[in-house]
Amino acid sequence: MVDLNVVKQLLLSENFTCVLSDGKKIITSRERGVKPLIDFILSEKDFCGFVAADKIIGKAAALLYANLKISALYVQVATYEAVEICKKYNIKIVYDILTNKIINRKGDDICPMEKLVADVDIPEIAKQLIIQKLKTL
């Protein structure tokens with residue numbers, strides 16, 4: 001397995017929002033929210049076994065990482081629900097800060113993607129819901 005420290009260092013030193021690697025290829029993004037994860041999914045590339053690093057993940061992002069079938073994830077801030085999803089789908093997760101919820105960008109409510117997947121535990125369903133939601137934004 002690829003060393004999580006490699007993607008972690010790239011995330012932190014280059015100010016990416018997420019980094020994925022299989023040890024040979026490194027894929028990065030500076031886009032915010034779940035958009036880069038949806039872009040990776042829609043690219044139809046095989047990310048099975050990749051490791052990833054991300055700034056913030058809640059349940060929605062964790063379900064998308066499960067959809068990508070990554071093997072390990074470093075994240076600066078994770079929610080309790082994200083950690084549970086990672087455990088359920090056998091994704092090793094390392095985080096710096098654990099929190100109850102992800103707040104929206106305005107800072108006045110729960111993240112809309114978190115609300116969207118509140119009652120969802122299946123990556124494929126979460127993916128479809130999030131793709132549909134992103135089309136309306």
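The model is predicted, so local features need pLDDT of at least 70 and side-chain atom pairs count only at pLDDT 80 or more, while totals for chains, interfaces and linings use all residues. Residues are numbered from 1 along each chain as its sequence is written, and side-chain values use heavy atoms, leaving out hydrogens and water.

Lys35 pairs with Asp39 in a salt bridge, at 2.9 Å from N to O. The term stands for a side-chain nitrogen of Lys or Arg within 4 Å of a carboxyl oxygen of Asp or Glu. Both residues belong to helix α2 (residues 35-42), where they sit four residues apart, about one turn of the helix. Helices (H or I, at least four residues) and strands (E, at least two) are DSSP runs, numbered from the N terminus.

In total, the structure holds nine salt bridges. One of them joins Lys115 to Asp109, with the closest N and O atoms 2.5 Å apart. Lys115 is partly exposed at 46% relative accessible area, and Asp109 is also partly exposed, at 33%. Another links Lys127 with Glu124, whose closest N and O atoms lie 3.0 Å apart. These two residues are three apart in helix α6 (residues 123-136), which means that about one helical turn separates them. Elsewhere, salt bridges that share partners tie Lys59, Glu81, Lys88 and Asp121 into one network.

Back in α2, the buried residues are Pro36, Leu37, Ile38, Phe40 and Ile41. Their cover includes strands β1 (18-21) and β2 (26-29), along with helices α3 (59-68) and α6. Just after α2, Glu44 adopts a positive phi of about 60°.

How do the helices α2 and α3 pack, and at what angle? Their axes are 10 Å apart and form an angle of about 20°; axes are lines fitted to C-alpha atoms, for helices over the stretch in contact, and angles run from 0 to 180 degrees between N-to-C directions. The two helices are therefore roughly parallel, since angles under 35 degrees count as roughly parallel, over 145 as roughly antiparallel, 65 to 115 as roughly perpendicular and the rest as oblique. Their crossing is left-handed, meaning that the near helix is turned anticlockwise from the far one by less than a right angle (right-handed if clockwise). Leu37, Ile38, Phe40 and Ile41 of α2 touch Ala61, Leu64, Tyr65, Asn67 and Leu68 of α3, where contact means heavy atoms within 4.5 Å. By class, this contact has eight nonpolar residues, one polar and no charged; Ala, Val, Leu, Ile, Met, Phe, Trp, Tyr, Cys and Pro count as nonpolar, Asp, Glu, Lys and Arg as charged, and the others, Gly among them, as polar.

Helix α6 meets α2 at an angle of about 115°, with the axes 11 Å apart. The pair is therefore roughly perpendicular, and the crossing is again left-handed. From α2, Ile38, Ile41 and Leu42 meet Lys127, Ile130, Ile131 and Leu134 in α6. This contact counts six nonpolar, no polar and one charged residues.

Terms used. Buried < 20%, exposed > 50% of the residue type's maximum accessible area, 1.4 Å probe, protein only.
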